[in-house]
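Please keep the sequence and the structure open while reading.

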Amino acid sequence: MEEIDNVVEVVEQPSGGQKQPSKAGAAIKEWFRKFTVKLKHRPMNIAFFVMIVSTIVYLCSLGNYSQSALKYTLVDWLGLSIFVNTLFCILSLLLFMNSFPKRSKKPKVVMLVLFFLFVAAMITFDVLFYIRAGNAYHANLVLPDVDTTAEEKFIIPALNATIAHIVLVGLGAILTATYPLYGKLLNMINTKKVIESTELKEAIDTEDED
């Protein structure tokens, strides 16, 4: 519960006149505390962040993918792989959000199953693209008017982006499946707000004056 996480822990002010942290440092520390509290309530947001990054990586590489499909017109499945993954990248994010509604303690099983099916489809088409495009590159199966030097400018980045997408999507799926486990680890982090006794006394005195 957020109420428990926001419990104020009062400590005595240390003797010796130790230097107090700056306001900027205290603000950053408080921001991290609140951020951790939010993660403790919704640990699956870590997996969602990874899925967002995977979508950004894929969409930013569409130029290289489209050039690969354009130049390797003799190779089947490249265009379909690009189309399916582009569509599923976006739909998987929508499925993820619908799988974990904010006001529900339990995920929606149907949406979650569809999410994992979409992830499996994306990885399958990524592997298909990598194999087909990689074989075409090594076999030099390009159109006669294509410069092989220019070819490397799009096919190699496309293959690298495919590997990165497979890794990120797979990591996102693993984090989604295991969020109850690392959610327990997050709950072990102490997020109680600690204030010194002098600060509490000042706050009480201010309230009494009002």
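In this predicted model, helix H8 spans residues 179–187, and its buried residues are Tyr179, Tyr182, Gly183 and Leu186. Viewed down the axis of H8, these buried residues fall within an arc of 115°, so they line one face of the helix.

**Helix H8**
- An α-helix has 3.6 residues a turn, so residues three or four places apart point the same way.
- The face of H8 turned away from the buried side carries Leu181, Lys184 and Leu185, which are exposed.

- Val109, Val110, Val113, Leu114 and Leu117 make a nonpolar surface patch of about 460 Å².
- One of these patch residues, Val113, is found in helix H6, which covers residues 109–139.
- Val113 has a relative accessibility of 45% and therefore counts as partly exposed, because buried means under 20% and exposed means over 50%.

**Overall fold**
- The secondary structure of the protein consists of nine helices and two strands.
- Along the sequence, these elements follow the pattern α-β-α-α-α-α-α-α-α-β-α.
- Of the contacts between residues at least 6 apart in sequence, 83% join residues at least 24 apart.

**Burial and surface**
- The protein has 210 residues, and 34% of them are buried.

Definitions and conventions. Residues numbered from 1 in each chain as written. Predicted model: local features only at pLDDT ≥ 70, side-chain atom pairs only at ≥ 80, totals over all residues. Heavy atoms only, no water. Patch = residues over 30% accessible without salt bridge, like charges linked within 9 Å, V, L, I, M, F, W, Y side chains within 5 Å. Areas by Shrake-Rupley, 256 points an atom, 1.4 Å probe, with all protein chains shown as cover. Salt bridge = Lys/Arg side-chain N within 4 Å of Asp/Glu carboxyl O. Helix = DSSP H or I, 4+ residues; strand = E, 2+ residues; numbered from the N terminus. Buried < 20%, exposed > 50% of the residue type's maximum accessible area, 1.4 Å probe, protein only. Contact = heavy atoms within 4.5 Å. Arc of directions from axis to C-beta.
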